[in-house]
Amino acid sequence: MGYPPPPQYGQPPRGETGRGLTVIVVMALGMVIGAVITVFMVLNPPSSPPVAAPTPDAEHSEASVRQAAQPALDAYSSGSYGDFWDLWTTRAQGLITREEYARLFGLCPPLVANSPLTIADVAITGDTAIVRASRLGETTEFGFVFESDSWRYEPPPEEQSEYRKPVDQIAEQRRAAGFCGTATPTSAPSDPAPGPSTPTQPSGFLE
C-alpha cells in the first residue's frame, strides 16, 4: 500500500508572482490617478455656465412709457382735459372729478394753449417714471406711475393738494397769481334772417 507524496513547499511559480505584482501596481496607479484627479477638481472647479443677463421688462421700458405718455400729453396740450383726466392714476382721479377738472380750465384757461408737447427724455425707477417734455423752448416734468398694467399720469404733490379745494377757489387763486390766460373766443352762429312772422328788435336795444 503506497502513501501520497508529501506536499511541496517553497516559492510559488514565477508566473503567478508576476501576475500578483501587476495587480498591485495597477491598483496603486489607479489610486494615485484618482487622488490626482480629486485634487485637480478641488483646485480647479468646473466653471458654471454664464448666466444670461436679465432682459428688461417690456412694460417698464422707455418705449412703453413714451407710448403711454404721448397720448396723455397730446390730450392736455390740445385742451382735451377730460381725456387727459381719463389717463390719471386712480388716486389722482379721486381728488377731483372729470367734470370739475374740465370746468377748471374754463374758469382759468392755460397761458399756453394748443401747443404740442414733445417728449425729451424718460427716467424710470421701478414703477415710477419722470417724463421731461418741452414746448416753446421750455421743459416740464410729468410724473407717471405703473398701475393696472399701464403707465398713468399722476400730478405732483402740490397740485394734488390744490385739487382738494373747490374748483372756483382754485381758479381764483390761479387768476390772482397770473396763471390764467385768455379764453379763445368762439364765433357764435349768425342769427337767421327774420321771416315775416319773426318780430324785429326795437331800435335802440343794447346788445
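**Exercises on a predicted model**

C108 and C180 form a disulfide, with their sulfur atoms 1.8 Å apart. The model is a predicted one.

**Exercise 1.** Find how many disulfides the protein has, and state the handedness of the C108 and C180 bond.

Solution. 
- Step 1. A pair of cysteine sulfur atoms counts as a disulfide when the two are within 2.5 Å.
- Step 2. The sulfur atoms of C108 and C180 are 1.8 Å apart, and the count by this rule is 1 disulfide.
- Step 3. The torsion about the S-S bond of C108 and C180 is about -105°, so this disulfide is left-handed.

**Exercise 2.** Locate C108 and C180 in the fold, and decide whether they are buried or exposed.

Solution. 
- Step 1. The protein has 7 helices and 4 strands, in the order α-α-α-α-α-β-β-β-β-α-α along the sequence.
- Step 2. C108 sits in the loop between α5 (98-107) and β1 (118-125), while C180 sits in the segment after α7 (167-176).
- Step 3. Parts 72 residues apart in sequence are therefore tied together by the pair.
- Step 4. Buried means under 20% relative accessible area; C108 and C180 are both buried.

Notes
Residues are numbered from 1 along each chain as its sequence is written. This is a predicted model: local features need pLDDT of at least 70, side-chain atom pairs count only at pLDDT 80 or more; totals for chains, interfaces and linings use all residues. Side-chain values use heavy atoms; hydrogens and water are left out. Helices (H or I, at least four residues) and strands (E, at least two) are DSSP runs, numbered from the N terminus. Buried means under 20% relative accessible area, exposed over 50%, partly exposed in between (1.4 Å probe, protein chains only).
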